[in-house]
Amino acid sequence: MLSLLVLVTAAFAMIHALPGDPVRAALGPTAPIELINARRAAMGLDDPLWLQYLHYLGNLFTGDLGISMTSGLPVSDVISARFGSTVEMAVLAFAVAVVVSVPLGTLMAVLVRHGRRRAGDFAFTSASVVLATIPEFLMAVGLVFLFSVQLGWLPVAGRSGPDSYVLPVLSLAIGPSFVLARIVRVEMLTVLEADYVRTARAKRLPDRVVYLRHALPNALTTTLTLGGLLLGSLVAGTVLVENVFAWPGLGGTIVGSILAKDYPTVQGVVLVYGVGVLLVNLVVDVALAVVDPRSTIRES
Amino acid sequence: MAARGLRRAGPLGISALALLVLVIVLALVAPLIWQQRADAINAAEILRGPSGAHPAGTDLLGRDIFARVLVATRLSVGLALLATVLGVTAGLLVGATTAVLGRRAGRWIGTLINITVAFPNLLLALFFAVIFGVGAKGAVLAIGFATAPGFARITQTLASGVAGRDFIAAARIAGVGRFRILTRHVLPNIAEPLVVTATIAMGGAMLAFASLSFLGLGVQAPSYDWGRLLGEGLQQIYIHPAGALIPGLAVVLAAMAFNLSGEVVARAIGLRSTSTGTLGDPPPPAPSDPMPEADALLAVHNLQVSFPGVRPVRGVSLSLRRGEAVGIVGESGSGKSLTALAIARLIEPPGEVTADRLEFLGEDLRGDVSAHRRLLGTSLAMVFQDPMTSLNPVQRVGRQLAEVVRTHQRADRRTAWARAVDRLSAVRIADAAKRAGQLPHEFSGGMRQRAMIGMGVMANPALVIADEPTTALDVTVQKQVLQLLQNIRSAENVGLLFISHDVTVVGQVCERVLVMYAGRIVEDLPASALREHARHPYTRALVAAVPDMETDRNLPLAVIPGRPPDPRDLPVGCAFAARCPLATDRCREEDPPLDSLETGRRVACWHAEQTVPHLSLIKGEQS
């Protein structure tokens, strides 16, 4: 809750922290002074700061994010037109990352425990370090080169059929998948040494049950906590990946509006991204509470 | 130090450091050498593919891309460095301020830092890019300020770690001011981890810069860094992939060089190498007594447990009849717990278990353990030392019990649950139906241990192996748990193998006691003989070391002098010789075998016939 307030205040302050006059900046140095003054008045920029802030908060409650300076459309319309495709991409990538990383990390932990298969472990760790370092947009470029340019299997950009989703989602998911897989692996290795895993083995449960039902849920608590931060950065990653693939989402909007100095739009989109990150954190907290009933929901 | 660090770094680390040096050298010299080449416009060679003259081809204006990538090193690295320095400085200031300011202000800033840290760097950078404007300067400021919260957080954490140490308190008492404490005492002590983190952050800053430039928010034409080159190259990726791939590769390699170097240094500072000892020639298995009797519930002969470099259990033989309670007593490290785990076939690799005989209920347990899963799961119950950690913290207790019969007896969910509730009340857990639905942390220590025992009796065990079941519990709770084990034993004619370091408890619970020392049984005697008629000097010393009501409280507590031998480095003769008042040359040369005496007794001592007053065996009462 406090985070949300800080976020909203930051978004509000952003415009006022700009050096110079945002309206002047947006309309360009040649704009007539009357137009600027009129626009300033329309936006309420001449009111005292606290009044502007209250107005801003009030408008937020009614879903009013202001008017785009370039298109003249309400910012909320601009955002809602593009919001869906960004969410689609992020959710799919998140799903892929989870579906890949948990089994992969568990498998690695089971295979390498007690110092077995050292070579394989080293290869996995090195490969995952390298893959995790490559930022999403470079991954995107590499994938485009391989699958679109060289092999011609998948479209290079745009959002049309299901095959146009493959590369954007993969570029977003590969890095986090491997980071998460490494976390799962380390956590599983720790948990597998725990007393309660020995108890489970003493009950002569099948290995599958020992690993999946006794060890994995305990490994996931830490994984989720650390993974939450990662998923937050996945939200940010969409900005870059959307630009590589000309994806009709918010990523293009924010870059375009920053370049065009369309501040109300920027403000709105920043707010949406911020709320997105907060939501991810909230989801992680809830998931934590489900997986590990001991932990209560932490205050944000 | 440097050489050792390098060795620890390994091939990956060394190549990272080499790459780092290359990046830095390129940043310094590349513009001097290749600047002209990089800027030479050649209309005749627009968008050519890689060739001898242009290793990475040419761009829209016919400029050599490879030269441009090399020249861009300086700007890319330089800007990232600037941003990092800015971020580190700002972070350091904010983080350190929390330490200097009073508690309340510090906490407020801390909360603010925590909130900011929750947002990904790139979003923060975008946010600041709006404020500072588009361009190289704006991007440096944006990335710098985006890096700052993370750094502030780390500084704060490290500083508060240092602040608790004694020398800070000493400085404070000496009247040193807050600011001076910060600069003179706190910062120098956290500098090392901060530098490492900064190096890693540098890699992140390079990527962030490339991202911003790629989006068109960073470096503006006609300047170029890798991100910009990449963005330009991407437009032509169909015609000319090298134009996008080469700058991309440069970013990744350089970022990785910084990242990995940071981690290499961190590892070199932080980690100590662990050495593993090597196992000498395994001692020939000590010849033991004749085979245990045939009607045994459990029959073990010459059981050995070894781990790489060490053999903590060296030839243990024992037998146990139905309904019998046998105790194993010994100091920690004597191999008693490993013996128990080995019998239950719970030793995991790299541990290895060998035995001439290991029979339970007439079944040979050696070989593939999964063949005996059902037998072990239903007939052998284990109770472990620490009930706080032995139950799965995220599963309901009832479910953990029910699991046993669901797995091994294919009971349906409801039957299994009913049985679990029944067993919980059998181990005297009040309101068992409600308790079964609770999680382990809602149970007290004693209740958890009773639940563990309840888990053991879910099926119909013939043998309960209890490994220090009361060590972690209060004395009063101990009694209840011991009583419970006794009840189960007598009610269902269950064998009990009871492991403890407490010779008194073992004497009370068990009929027969095995005394272990350095991985071997040194004496096997009836519990009734423990107090007065033990033969082995070690057993007698153990018994004598227990204070009782008649112990003179003016004397120091009795102890056995010396310590048990290192299992990696056992002496030639009797392992106890070094601590034994009766030791002779023979003891130091020849290991005494475990000889059978009169019925049911065994002892491994050359001087077992010698009677020496108990008191002279221990220190404390001698002085």
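Confidence in chain A of this predicted model is lowest in helix α2 (residues 22-27), at a mean of 68, and highest in helix α9 (residues 195-202), at 86. The score is pLDDT, the predictor's confidence in each residue, from 0 to 100. Helices are DSSP runs (H or I, at least four residues), numbered from the N terminus. Chain A has a mean pLDDT of 78, and 90% of its residues reach 70 or more. Over residues 296-300 of chain A, pLDDT stays under 50.

Residues are numbered from 1 along each chain as its sequence is written, and chains are lettered from A in the order in which they are written. In this predicted model, local features need pLDDT of at least 70, side-chain atom pairs count only at pLDDT 80 or more, and totals for chains, interfaces and linings use all residues.

Now the helix pair. Helices α5 (residues 75-112) and α10 (residues 207-244) of chain A pack at an angle of about 145°, with axes 9 Å apart. Axes are lines fitted to C-alpha atoms over the stretch in contact, and angles run from 0 to 180 degrees between N-to-C directions. Residues in contact have C-beta atoms, placed from the backbone, within 7 Å. Among those making this contact are Met89(A) and Phe94(A) of α5(A), and Leu231(A) and Glu242(A) of α10(A).

Next, the interface. Here 54 residues of chain B are in contact with 56 residues of chain A. α9(B) gives the most to chain B's side, with eight residues. That side has 40 nonpolar, 10 polar and four charged residues. Ala, Val, Leu, Ile, Met, Phe, Trp, Tyr, Cys and Pro count as nonpolar, Asp, Glu, Lys and Arg as charged, and the others, Gly among them, as polar.

Notes: Helices (H or I, at least four residues) and strands (E, at least two) are DSSP runs, numbered from the N terminus. Two residues are in contact if their C-beta atoms, placed from the backbone, lie within 7 Å.
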